[in-house]
Amino acid sequence: MTAKPEILLTGPMMPFIEEQLDARFEVHRLAKAEDRDTLIDSIGARVRGIATAGHARVDPALMKRLPKLEIVSNFGVGYDTVDAKWAGEHKIVVTNTPDVLTDEVADTAVALLLMTVRELPQSERYLRAGKWLEKPYPLTATLRDRQIGIVGMGRIGKAIAKRLEAFGLPIAYHSRRPAAGVPWKYYPDLLALARHADVLIVIVPGGPATKNLINAEVLKALGPKGILINIARGAVVDEPALIEALRTKTIYSAGLDVYADEPRVPKALIEMEHVVLLPHVASGSHYTRRAMGQLVVDNLKNWFAGKGPLTPVAETPWPAKR
Ligand code: NAP
Ligand code: 8YV
């Protein structure tokens, strides 16, 4: 019997994923190691794959210690915790989980927008506190008179735009290049989009290129009627600048699913009654997380069966351009 390929699991994953990995691979669990360095020293020379869900950074420091590493299979479409550029330069393939979560995340983005603009969590808390018996909940803002600006017109950005178009709302967007085949107005300049829109929905990848993309200047341009929805990555928004903009009413409100230092959320945000805060749940249904998990497993299985990766990321195209 040939030996199973050895892989490193950087943290716990759903049991059905771990069961399938155990059946096909010899799995080394970083989270269960008494000392991570000792584990990596002892198995590093034999590890050919990594399965990760952003629990630990898969950076050059780690990958250099795994000289036989061939593939990193990431749970999540966003792979900002993996240095994919370095991996690509060293003939290591990185895979992610695109498409299978697009609809779920777009649904959640629209829900978060409605929750924020119509103050639905606040009004529910009001009822539960018995305050409706005293007087009706105050009237709220509306989506009806708003221009939507989407920052990032990729798979999920398009799915959000389609949903909001069906709501009868005007859509415009910003990305580095115009998106092919979409009817919505393109703004090459993010500040110009922020000036035009009263809702800014952020759905770009994380990483150095988008760090603090939504800064004090963008928030000022969004203006006092403006609502920021961030469903991308916490680091894309300058969090202290956002807190200040909310505190000074430079913008009206925010709905957030992601934060700079998850799962820690700034106390200043938690204490603000007028913002809506979700704990990074955009893809978090059984159905969608299962599809994502299966793709993590299938990428590894396909690779070690010699059939290539199913969903390689842009930095590590397949067949490789080598
Ligand atoms: P995608 O199809 O790759 O789309 C990314 C979009 O962002 C593209 O339109 C891209 O266009 C644009 N973009 C990239 N870099 C940019 C920059 N520096 N400035 C402006 N625009 C930029 O990805 P997706 O599947 O839609 O997912 C997007 C991201 O959403 C993921 O990477 C992940 O971080 C996040 N996400 C979060 C959750 C959650 O649970 N909250 C769930 C799923 C995904 P250009 O290349 O032309 O600029
Ligand atoms: C996951 C996500 O919750 O796909 C992404 O980029 O942010 C989410 O779907 C996350 O990746 C879980 O680790």
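How far does a backbone N or O atom of Gly154 lie from an oxygen atom of ligand 1? The distance is 3.0 Å, which falls within the limit for a polar contact (a pair of N or O atoms within 3.5 Å; within protein, one must be able to donate a hydrogen and the other to accept it, and residues adjacent in sequence count only if both atoms are side-chain atoms).

The structure is a predicted model, in which local features need pLDDT of at least 70 and side-chain atom pairs count only at pLDDT 80 or more, while totals for chains, interfaces and linings use all residues. Residues are numbered from 1 along each chain as its sequence is written, chains are lettered from A and ligands numbered from 1 in the order in which they are written, and side-chain values use heavy atoms, with hydrogens and water left out.

Ligand 1 is surrounded by 24 residues (a residue counts if one of its heavy atoms lies within 4 Å). The closest are Arg155, Arg176, Arg177, Ile231 and Asp257. A polar side-chain atom of Arg177 is placed 2.8 Å from an oxygen atom of the ligand, and a polar backbone atom of Ile231 is 2.9 Å from a nitrogen atom of ligand 1. On its own, ligand 1 exposes 930 Å², and the protein buries 87% of that; accessible areas come from the Shrake-Rupley method with a 1.4 Å probe, and for residues, only the protein chains shown count as cover. The shell around ligand 1 consists of 12 nonpolar, 7 polar and 5 charged residues. In this scheme Ala, Val, Leu, Ile, Met, Phe, Trp, Tyr, Cys and Pro are nonpolar, Asp, Glu, Lys and Arg are charged, and the others, Gly among them, are polar.

The residues around ligand 2 include Ala53, Phe75, Arg233, His280 and Ser283. Polar side-chain atoms of two of these residues face oxygen atoms of ligand 2, that of Ser283 at 2.7 Å and that of His280 at 2.8 Å. A backbone N or O atom of Ala53 lies 3.4 Å from an oxygen atom of ligand 2. Of the 330 Å² of accessible area that ligand 2 has on its own, the protein covers 83%. The shell of ligand 2 has 5 nonpolar, 4 polar and 2 charged residues.

The protein chain is assigned domain 1 (6-100 + 287-304) and domain 2 (102-277), with bounds that come from an automatic or database domain assignment. Their C-alpha centres are 32 Å apart. Each domain gives 7 residues to the contact, defined by heavy atoms within 4.5 Å. The area buried between the domains is about 560 Å², with 44% from carbon and sulfur atoms; buried area is the accessible area (1.4 Å probe) that two parts lose on being put together, summed over both. Asp80, Asp99 and Thr288 supply 64% of the area that domain 1 buries against domain 2.

Across this interface there is 1 salt bridge (a side-chain nitrogen of Lys or Arg within 4 Å of a carboxyl oxygen of Asp or Glu). Asp80 forms a salt bridge with Arg233, with the closest N and O atoms 2.8 Å apart. Arg233 is also listed among the residues around ligand 2.
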